[in-house]
Amino acid sequence: MKCLFTHTIYVEVIHLLWENNIVGQTIRSVRKAKGMSQEVLSGFAGIARTHLTMIECGTKQANFSTICKIAEAFDMRPSELVRKMEEAEKKRDK
């Protein structure tokens with residue numbers, strides 16, 4: 001699955017969401033809901049498990065390419081994953 005949406009807009013959204021660790025929390029939430037371990041998700045996404053751990057903990061920011069790889073590993077579009085992040089932020093702000 002290719003990332004077929006506007007790179008600049010989503011990079012800005014991801015950067016804003018990363019500041020509150022929404023990116024990592026959302027990835028962890030989706031991963032657990034799908035019953036995946038960090039090892040399995042990182043293998044499907046083609047990233048190091050330690051990299052995924054740092055993203056989930058908020059110590060490392062996921063770039064655009066990594067978000068696309070993780071979304072593909074979840075069998076969803078990158079825009080769906082970003083939408084989940086935005087929804088999580090709205091819930092947090094209430």
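Where in the chain is R77 found? R77 sits in the loop between α5 and α6, in a predicted model for which local features need pLDDT of at least 70, side-chain atom pairs count only at pLDDT 80 or more, and totals for chains, interfaces and linings use all residues. Residues are numbered from 1 along each chain as its sequence is written, and side-chain values use heavy atoms, with hydrogens and water left out.

**Overall fold**

- The chain has six helices and zero strands, where helices (H or I, at least four residues) and strands (E, at least two) are DSSP runs numbered from the N terminus.
- Read along the sequence, these elements give the pattern α-α-α-α-α-α.
- Of the 94 residues in the chain, 38% are buried, where buried means under 20% relative accessible area, exposed means over 50%, and partly exposed lies in between, with a 1.4 Å probe and protein chains only.
- Among contacts (heavy atoms within 4.5 Å) between residues at least 6 apart in sequence, 68% join residues at least 24 apart.

- Not counting residues up to four places away in sequence, F74 touches I27, V30, R31, K34, M36, L41 and L81.

**Packing of α3 against α5**

- Two packed helices are described by the angle between their axes and the distance between the axes.
- For α3 and α5 the angle is about 110° and the axes are 8 Å apart, the axes being lines fitted to C-alpha atoms, for helices over the stretch in contact, with angles from 0 to 180 degrees between N-to-C directions.
- That angle makes α3 roughly perpendicular to α5, since angles under 35 degrees count as roughly parallel, over 145 as roughly antiparallel, 65 to 115 as roughly perpendicular and the rest as oblique.
- The contact is formed by L41, F44 and A45 of α3 together with K69, I70 and A73 of α5.
- By class, this contact of α3 with α5 has five nonpolar, no polar and one charged residues, where Ala, Val, Leu, Ile, Met, Phe, Trp, Tyr, Cys and Pro count as nonpolar, Asp, Glu, Lys and Arg as charged, and the others, Gly among them, as polar.

**Packing of α3 against α4**

- The axes of α3 and α4 come within 9 Å and cross at roughly 110°, which makes α3 roughly perpendicular to α4.
- In this pair, Q38, E39, L41 and S42 in α3 meet R49, L52, T53 and E56 in α4, and by class the contact has two nonpolar, three polar and three charged residues.

**Individual residues**

- T66 lies in helix α5 and is buried, with a relative accessible area of 5%.
- Not counting residues up to four places away in sequence, T66 touches I47, H51 and I55.
- D75 lies in the loop between α5 and α6 and is exposed, with a relative accessible area of 67%.
- The phi of D75 is near 60°, a positive value in a residue other than glycine.
- R77 counts as exposed at 55% relative accessibility, and its C-alpha atom is separated by 9.8 Å from that of I67, ten residues apart along the chain.
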